Amino acid sequence: MTETALQGPIRVRFAPSPTGFLHVGGARTAIYNDLLRAHLGGELILRIEDTDRARSDEAMTRQIQEALEWVGCHWDEGPALQSARVERHRERAAELLARDLAYRCFCTSEELDAQRRAAEKAGERFRYPGTCSTLSAAEVEERLAAGTPFVVRFRMAQDNIRFHDLVRGDVDFPPDALDDFILLRSDGSPTYHLSVVSDDIDMRVSHIIRGDDHLSNTPKHIALFEALEAPLPTFGHLPLILGPDKKRLSKRTGATSVEEFRDQGILPQALYNFLALLGWSPGDAREILSRDEMTELFTVERLNTSAAVFDRDKLAWMNAQYLFNLPLEEIWPHLEPFLAANGLADADPDRLEAAVTLHRLRAHNLAELAESIGHYFVDRLDYDPALCAKFAAKAELPERLAALRDRYDALDDFAIDPLDQALRALCEEFGEKAGYLIHPLRMALSASKKGPPVFDLVALVGRPATRQRLDHFIAYLAEIAPTSE
């Protein structure tokens, strides 16, 4: 299938069931539909398939919409609730019954269970044998008059069903792989197969891009499209996303929903980029691409046919790239909840922005970033004795840190270059390399061995806080200094 075959009015849909949070596999499907319609010019429909009332949850419907909006997938129509169209689905079933393309099945669940067990015992796959497909009109009327419960089954033709899949290529289902499936349950409610095809027809869906787990449904849907004399959409089935254990991605190997990654501090731009590349290639070695860049490059020919492995380290790396390179105003709305969680909601805005700017190069996620700047906004730091032991072992260090404190106090310009020069000049006087004071200075100001360039750190902490923290650290070293016997 060449891309030219995809030209024309493109109408795609993303149709999740509101039975749980938006899985990253579903989000990837939404992203590919988003990119396809954006690349070719078309419309994306959001349809909530909520006809399974026992498992559907209105709160989940809202959360799915919020997750899609957060990750950057925006729809042109919807959200359309499938449950609002049940009568239309029943009309479709009635049409098929009237044309003898469907029939009423009065087989009981006990009878079917017995047949299923017999097939399993014989090592065969159970297929409904069409017991009621040959009932006469009189027999049907007699059972209806007696109030016998029934389902409505579709009458499958005994032909191969072949189609070209945008991802998998040519696919062929033989007749023995299919049976007469149910359209309406005994309570009159439509099944997934009837509802989805009915909605796809009425919503004029031209391309159906969905997960590989729906591949076995496709021949049934093709048969329904043809029976209802509707144009056949183009199908594309995406391979599964696997965990690092090469099994289907599950909570056993970590977060799986969009919301979980959001709550871990992943930026939506990074997750969109990461998921888009989890089964699609832009055709070159680039890995950081904006949505506009991906839209321009997106073609179905570059969708992978093999399953992709969800590499969490790769996502962390990509998120770090976005943290460093995005304009701060794009990061800030996503960072604010993490700042609030670390007690920084009311911190001085200018100081907060300076701290974020300094530390975002080294953070892999928003949670890590917010936590890394907390020490700028506290009056007193708590030091780890194990990390400070090597400093406490140097008997002369407190006095030399006090000398550094006094040099810094005497500076006219408390800026990076003068701070750097003052420390290096003092170390030369002591006959030491600059690291001799740089490392304890970093510990004194941040209670950490790692962080941004130390003189950027000092400048941001400021003169009063630098003096206070150096005094506190000098006193702390005296408390934990080893005693001579």
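This is a predicted model: local features need pLDDT of at least 70, side-chain atom pairs count only at pLDDT 80 or more; totals for chains, interfaces and linings use all residues.
Local features require pLDDT of at least 70 and side-chain atom pairs pLDDT 80 or more, whereas totals for chains, interfaces and linings use all residues. Residues are numbered from 1 along each chain as its sequence is written, and side-chain values use heavy atoms, with hydrogens and water left out.

**View 1. The largest pocket, with about 980 Å³ of space.** A pocket is an open set of points on a 1 Å grid over the protein atoms alone, where a 1.4 Å probe fits, with protein on both sides within 12 Å along at least five of seven lines; lining residues have an atom within 4 Å of a point. Of the 35 lining residues, Ala-15, Pro-16, Ser-17, Asp-213 and His-214 lie nearest the centre. Two or more residues each come from β1 (10-14), α1 (24-40) and β9 (207-211), and α1 gives the most, with 4 residues.

**View 2. The second largest pocket, with about 370 Å³ of space.** Its lining comprises 15 residues, and Glu-371, Ser-372, His-375, Ser-448 and Lys-450 lie nearest its centre. Helix α14 (residues 366-372) supplies the largest share of this lining, 3 residues.

**View 3. The crossing of helices α15 (residues 385-392) and α18 (residues 435-446).** Helices are DSSP runs (H or I, at least four residues) and strands likewise (E, at least two). The two axes, lines fitted to C-alpha atoms over the stretch in contact, come within 11 Å and cross at roughly 140°; angles run from 0 to 180 degrees between N-to-C directions. Leu-387, Cys-388 and Phe-391 in α15 meet His-439, Pro-440 and Met-443 in α18, contact meaning heavy atoms within 4.5 Å.

Note on methods: Grid points are joined across faces, edges and corners, and a volume is the space filled by probe spheres set on the points.
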